Amino acid sequence: MRSFVQSAKQFFALSMSVIGTLWTCIEVVDFFYPDELEKYITPGIILLIAIIIPILVRIYKNYSFTCSVGDQGELCIKYGNLLHQKRSSIVVNINNEIRTPQKPNGSLHWKIVSGRGGEDFRKGLEEERKNLNGQKAPMGYIIDLNHKRKHVLFLVSATLHEKGKSMSNPDDLMKAYHELFSNQAGFQAKNHTMSIPVSGTGRAGINMTFEEVIEMIAREYIICCVQREPNSTKRIHKLNIIIYPKDRKNIKDWNALCSKIDAMAQLCGECQQL
């Protein structure tokens with residue numbers, strides 16, 4: 001009941017703010033074009049806009065959450081398509097043998113190598129695999145590849161088993177993320193921004209919930225933000241954790257998740273300042 005009352009108050013306050021802003025604009029327009037205004041603006045339209053805008057804002061907030069880690073970074077959790085994040089580098093999880101799927105399997109790895117510029121990425125991965133001389137890449141191994149404006153960081157976070165299936169576990173996943181954020185000086189993220197998927201809960205068979213994987217990613221990023229040099233120029237200023245829209249059902253309590261990560265960020269930010 002309390003959350004409903006609070007939401008109603010926020011909705012009302014935002015509606016009043018919208019009406020106030022619209023009224024100010026109308027006064028200005030009315031001063032210059034008094035005869036034209038009445039043709040297009042009616043009280044009903046003003047009321048409709050005052051209702052629609054707060055609803056859209058509310059919907060947007062339910063799909064995106066952002067918090068700061070002191071003055072060292074920014075963390076954003078949002079729904080979207082990782083491959084559509086054009087203003088950032090993207091992270092794609094791969095297996096420790098750097099084997100590329102030979103047929104469609106729905107993975108991000110497959111989508112990258114079969115999409116635009118995929119041949120360049122496929123060749124880059126194959127060259128990296130040859131450089132390992134039959135050795136398996138350690139967890140957290142990063143392959144930094146570019147195609148025109150697309151920058152992809154392939155992150156080793158799973159083990160390839162005999163039947164060709166990639167499997168991971170919490171320890172391997174945590175090590176991979178730790179290595180990724182600890183070695184920021186080893187690559188230049190596009191616009192100092194990185195977008196990363198919620199990996200491991202599907203085909204990799206990791207025994208973790210979506211919330212737990214998101215918390216793991218956020219925690220490793222926050223820790224590295226606090227530990228790195230404050231004046232470092234080679235760092236990730238912003239991390240986007242991208243949740244595919246169809247996986248929305250796997251997030252049991254969005255508000256609780258955001259509150260927990262915000263508390264982690266605020267606590268570590270205060271530690272860094274101290």
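Predicted model: local features only at pLDDT ≥ 70, side-chain atom pairs only at ≥ 80, totals over all residues.
Visitor: Why is the pair of Phe-181 and Tyr-221 called edge-to-face?

Guide: Pairing asks for ring centres within 6.5 Å, and edge-to-face asks for planes over 60 degrees apart. The centres of Phe-181 and Tyr-221 are 5.6 Å apart and their planes stand at 70 degrees, so the pair is edge-to-face. A search of the whole structure finds 3 aromatic pairs.

Visitor: What does the pair of Phe-181 and Tyr-221 tie together?

Guide: Phe-181 sits in helix H6 (residues 170-182) and Tyr-221 in helix H7 (residues 210-227), so the pair ties together parts that are 40 residues apart in sequence. Both Phe-181 and Tyr-221 are buried.

Visitor: What makes Arg-248 count as lying over the face of Tyr-79?

Guide: The distance cut-off is 6 Å from the ring centre, along with an angle limit of 35 degrees from the ring normal. Arg-248 is at 5.0 Å from the ring centre of Tyr-79 and lies over its face. Lys-111 lies over the face of Tyr-244, at 5.7 Å from the ring centre.

Visitor: How do you know that S1 and S2 pair?

Guide: Pairing needs at least two bridges, so the count decides. Here 6 bridges join S1 (residues 64-69) to S2, and the two run antiparallel. Ser-68 stands opposite Glu-74 in S2.

Visitor: Which way do S2 and S8 run, parallel or antiparallel?

Guide: They run parallel, joined by 6 bridges. Lys-78 has Ile-242 in S8 as its bridge partner.

Visitor: Why is S2 described as mostly covered?

Guide: Buried means under 20% relative accessible area, and 5 of the 7 residues of S2 (residues 73-79) are buried.

Technical notes:
Residues numbered from 1 in each chain as written. Heavy atoms only, no water. Phe/Tyr/Trp six-rings, centres within 6.5 Å; stacked < 30°, edge-to-face > 60°. Helix = DSSP H or I, 4+ residues; strand = E, 2+ residues; numbered from the N terminus. Buried < 20%, exposed > 50% of the residue type's maximum accessible area, 1.4 Å probe, protein only.
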